[in-house]
Number of protein chains: 2
Amino acid sequence: MRRDSRLSGVLHVLLHMAEFKQPVTSERLAVMMQTNPVVIRRIMGGLRDLGLVASEKGHGGGWTLCCDFDRVSLHDVYLALGAPELFAMGHRNVAPACLVEQAVNAALATAFEEAESLLMARLGDVTLGQLSADFHARFAKRERCAQEARPDVA
Amino acid sequence: MRRDSRLSGVLHVLLHMAEFKQPVTSERLAVMMQTNPVVIRRIMGGLRDLGLVASEKGHGGGWTLCCDFDRVSLHDVYLALGAPELFAMGHRNVAPACLVEQAVNAALATAFEEAESLLMARLGDVTLGQLSADFHARFAKRERCAQEARPDVA
DNA sequence: TCTCATGTAACTTTACTTGTTTCATGATGA
DNA sequence: TCATCATGAAACAAGTAAAGTTACATGAGA
């Protein structure tokens, strides 16, 4: 199956939005993301419900950030998406009668739960602010490289 | 996506096989697993290639274990399946030109790689022998409960 | 040589994300 | 007021991958 890229996508959207002061339409975001405006609205709905962003209809409308980038972690964004399934692997039966399957499920569940806890903790460690800072660092670096490639301009 | 349950399934098969001395046919395993013989053959193929099990054709044929249950970990079995994708989430673009997306991918990749490492380590900690022992413990416990429910028989 | 069992290929089914179309709703501005 | 712009929501199509199914070839025993 195609892997769920909503978390990746919504973070992409949020960081782009941070570069604008005015509301950004789904249309513009869709162009940046190379996708469809409806897809943008879909992944943004959960964030609106949790108060991370707001949407306005009509002229001059669109999406605006209404959260402190330094207080929102990637984990918060993950939850805003509805905490989608993390793993591509699962049990055959959730509550099997077969004792063999129960033993297998128990062993796998322990390992997967530990991995999930670690992942959630790591996502909680990173804020949108840090992500945005990383982007700006990458942007500055590219600018420098562009300068160095054109010494005559400097 | 329906979640990939091959790891769960193949462990289930292996533990069932451990309860038999003679070769077990795909047909019988399929009945135990409530699935199709071809599905059994499919998920067992990788294990055969790695020498964990052997298959014999013809009369009296079927699948036999040919590995030390105490020396094979769940991680080995996972690898025998071809190390299928672990996570249900992924990046939109693997190598994006957009710097925002690069920053997002880098942050997510770090978190996911750590979780993957932990999961692989945990799977490596558990052997098929331990899993089988857990099954036998569950079996013994159920027998005891059944006894207690029929005190007149005791 | 007949039967049994695996090996393999092709096709169908199922489930889910993504993409797209369509229309309703509401806000802005002339 | 009314046309326009934008979101909201529903419905449907496309693409993908695992799982289920069918069919047949291959090879081992009896």
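The copies meet through the same surface, because 100% of the interface residues of chain A are also interface residues in chain B. The model is a predicted one. Chain A is superposed on chain B by a rotation of 180° with 0.0 Å of shift along the axis, and the RMSD is 0.1 Å. This is the relation of a two-fold axis.

**Aromatic rings**

A pair of aromatic rings is described by the distance of the centres and the angle of the planes. Over all chains, the count comes to 5 aromatic pairs. In one of them, the ring centres of A:Phe87 and A:Phe112 are 4.8 Å apart and the planes stand at 90°. Planes over 60 degrees apart count as edge-to-face, so the pair of A:Phe87 and A:Phe112 is edge-to-face.

B:Phe87 sits in the loop between helix H4 (74-80) and helix H5 (99-125) of chain B, and A:Phe87 in the loop between H4 and H5 of chain A, so the pair joins two chains. Like A:Phe87, B:Phe87 is buried. One aromatic cluster is formed by A:Phe87, A:Phe112, B:Phe87 and B:Phe112.

**A hairpin in chain B**

Strand E1 (residues 53-56) of chain B pairs with strand E2 (residues 62-65) of chain B in the antiparallel sense, over 4 bridges. Opposite B:Ser55 stands B:Trp63 in E2(B). The hairpin of E1(B) and E2(B) has 5 residues between the strands, and B:Gly58 takes a positive phi near 75° there.

**Salt bridges**

Side chains of opposite charge can pair when their charged atoms come close. The whole structure holds 14 salt bridges over all chains.

| Salt bridge | N to O distance |
|---|---|
| A:Arg6 and A:Asp4 | 2.8 Å |
| A:Asp125 and A:Arg122 | 3.3 Å |
| B:Asp68 and B:Arg71 | 3.8 Å |

A:Asp125 and A:Arg122 both lie in helix H5 of chain A, 3 residues apart, which is about one turn of the helix. A:Asp125 counts as partly exposed at 47% relative accessibility. A:Arg122 is partly exposed too, with a relative accessible area of 28%.

In chain B, B:Asp68 is partly exposed, with a relative accessible area of 40%. B:Arg71 has a relative accessible area of 71% and is exposed. Elsewhere, A:Glu114, B:Arg122 and B:Asp125 are joined into one network by salt bridges that share partners.

Terms used
Residues are numbered from 1 along each chain as its sequence is written. Chains are lettered from A and ligands numbered from 1 in the order in which they are written. This is a predicted model: local features need pLDDT of at least 70, side-chain atom pairs count only at pLDDT 80 or more; totals for chains, interfaces and linings use all residues. Side-chain values use heavy atoms; hydrogens and water are left out. Rings of Phe, Tyr and Trp (its six-membered ring) pair if their centres lie within 6.5 Å; planes under 30 degrees apart count as stacked, over 60 as edge-to-face and the rest as tilted. Buried means under 20% relative accessible area, exposed over 50%, partly exposed in between (1.4 Å probe, protein chains only). Two strands pair if DSSP finds at least two bridges between them. A salt bridge is a side-chain nitrogen of Lys or Arg within 4 Å of a carboxyl oxygen of Asp or Glu. Copies are superposed by least squares on the C-alpha atoms of residues with pLDDT of at least 70 in both. Contact means heavy atoms within 4.5 Å.
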